[in-house]
Amino acid sequence: MWRVHRGAAQVWILGSMSPLPKGITWRSKQVEQVLDGANQVLVQKPFDIGIARILWLLITERSVLMVTGGKRLKDVLPAELHARFAVQRAKYTSDPNKWERFRPLIAAAFLQAS
């Protein structure tokens with residue numbers, strides 16, 4: 001964790017490691033205490049997603065990537081957030097249904113990669 005501050009404003013940057021070392025201990029209460037007074041927190045994007053990994057997950061663990069129960073992204077996101085997503089999606093594709101069957105995090109990763 002890195003702290004950047006100017007006057008009363010502060011930003012905490014949380015780094016990540018992959019793979020995590022064996023036996024690592026996460027001290028979440030200490031992190032919560034540190035971040036409690038922060039004005040802003042920056043974190044690394046959750047993951048890079050490649051086509052080989054997507055295909056493997058679609059074959060083996062489809063429910064990890066896809067919205068289940070016949071629902072679509074618009075059904076699981078708040079209307080305001082889905083509208084913002086749709087505006088951004090329209091910048092990269094004319095297909096209004098593109099990424100609608102994916103979970104929000106996966107759809108966001110596809111949008112970011114576009």
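**Aromatic ring pairs**

Phe-85, Trp-99, Phe-102 and Phe-110 are joined into a cluster by ring pairs. The model is a predicted one, in which local features need pLDDT of at least 70, side-chain atom pairs count only at pLDDT 80 or more, and totals for chains, interfaces and linings use all residues. Residues are numbered from 1 along each chain as its sequence is written, and side-chain values use heavy atoms, with hydrogens and water left out.

Rings of Phe, Tyr and Trp (its six-membered ring) were taken as paired if their centres lie within 6.5 Å; planes under 30 degrees apart count as stacked, over 60 as edge-to-face and the rest as tilted. By this rule there are 3 aromatic pairs. One of them, between Phe-85 and Trp-99, is edge-to-face, with 6.5 Å from centre to centre and 70° between the planes. This pair links distant parts of the chain, 14 residues apart: Phe-85 belongs to helix α5 (residues 79–90), Trp-99 to the loop between α5 and α6 (104–113). Helices are DSSP runs (H or I, at least four residues), numbered from the N terminus.

Phe-85 counts as buried at 10% relative accessibility, where buried means under 20% relative accessible area (1.4 Å probe, protein chains only). Trp-99 is also buried, at 9%. Trp-99 forms a stacked pair with Phe-110, at 6.3 Å centre to centre and 10° between the planes. Because Trp-99 lies in the loop between α5 and α6 and Phe-110 in helix α6, this pair ties together parts 11 residues apart in sequence. Phe-110 has 16% relative accessibility and therefore counts as buried.

Methods: Helices (H or I, at least four residues) and strands (E, at least two) are DSSP runs, numbered from the N terminus. Buried means under 20% relative accessible area, exposed over 50%, partly exposed in between (1.4 Å probe, protein chains only).
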